[in-house]
Amino acid sequence: MVIADARSPRDGKFIQKLGTYNPLTIPATIELDRQKALEWLNKGATPTDTVRRILSFKGVLYLKHLLRGVKLGLFDETAAMQKFTTWSAEHEEHIKRRQQKAMDERKARRRVGSAAPRKVAEPKAETSAPEANNAEGSEA
């Protein structure tokens, strides 16, 4: 994930690297510098749809939302950081539960697949089209 000028080519020159995203690993690997991402969002950077989802998943957009509330005087910065810390802890716990559930399901599929003998598909008896038509015609 990089900061680049919208007019530059897709694989062209970029301004700053914020992190990496590898969707091929299970689960997907995301490394992100939250502080740099937050600074660029506050400067007016527009993320792509994929990057917006990653920023939301990592809590950067929520933190931006909370800091905007601090600017508007809705609550102080310590309350905002407390809310973010609470959200972050709950989010990490949720991610761990999802990963554990996926691993358990994978293990269960492996156990079922190795314990049960595999069935060999039996060839179906095929009737030719004229015989099927004659059978239908004699009934009517």
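Predicted model: local features only at pLDDT ≥ 70, side-chain atom pairs only at ≥ 80, totals over all residues.
Local features require a pLDDT of at least 70 and side-chain atom pairs count only at pLDDT 80 or more, whereas totals for chains, interfaces and linings use all residues. Residues are numbered from 1 along each chain as its sequence is written, and side-chain values use heavy atoms, with hydrogens and water left out.

The protein contains five helices and four strands. These elements are DSSP runs numbered from the N terminus (helices H or I, at least four residues; strands E, at least two). Along the sequence, the pattern is β-β-β-β-α-α-α-α-α. The protein has 140 residues, of which 16% count as buried. Buried means under 20% relative accessible area, exposed means over 50%, and partly exposed lies in between (1.4 Å probe, protein chains only). Contacts are defined by heavy atoms within 4.5 Å. Among contacts with a separation of 6 or more, 33% join residues 24 or more positions apart.

The largest nonpolar core comprises 16 residues. Such a core is a set of buried Ala, Val, Leu, Ile, Met, Phe, Trp, Tyr and Cys residues joined through side-chain atoms within 4.5 Å. Met-1, Leu-18, Leu-32, Ala-37, Leu-55 and Val-60 have the most contacts inside this core. Two or more residues come from each of strand 4, helix 1, helix 2, helix 3 (60–71) and helix 4. Helix 1 supplies the largest share, four residues. Leu-32 touches Met-1, Leu-18, Gly-19, Ala-37, Leu-55, Lys-58 and Val-60, leaving aside its neighbours within four places in sequence.

Two aromatic pairs were counted. Rings of Phe, Tyr and Trp (its six-membered ring) pair if their centres lie within 6.5 Å; planes under 30 degrees apart count as stacked, over 60 as edge-to-face and the rest as tilted. The ring centres of Tyr-62 and Trp-87 are 5.7 Å apart and their planes stand at 40°, so this pair is tilted. Tyr-62 belongs to helix 3 and Trp-87 to helix 4, so the pair ties together parts 25 residues apart in sequence. Tyr-62 is partly exposed, at 28% relative accessibility. Trp-87 is also partly exposed, at 23%. Ring pairs join Tyr-62, Phe-84 and Trp-87 into a cluster.

Pockets were located on a 1 Å grid over the protein atoms alone. A pocket is an open set of points where a 1.4 Å probe fits, with protein on both sides within 12 Å along at least five of seven lines; lining residues have an atom within 4 Å of a point. Volume is the space filled by probe spheres set on the points, which are joined across faces, edges and corners.

The largest pocket has a volume of about 710 Å³. Its lining has 28 residues, and Val-2, Ile-3, Ala-4, Thr-48 and Val-51 are the closest to its centre. Strand 1 (2–3), strand 3 (19–22), helix 1 (34–43) and helix 2 (49–58) each give two or more residues to this lining. Helix 2 gives the largest share, four residues. By class, the lining has 17 nonpolar, seven polar and four charged residues. Ala, Val, Leu, Ile, Met, Phe, Trp, Tyr, Cys and Pro count as nonpolar, Asp, Glu, Lys and Arg as charged, and the others, Gly among them, as polar.

The second largest pocket holds about 570 Å³. Of its 19 lining residues, Pro-27, Ala-28, Ile-30, Phe-57 and Arg-98 are the closest to its centre. Helix 4 gives the most to this lining, with eight residues. Ten nonpolar, four polar and five charged residues make up the lining.
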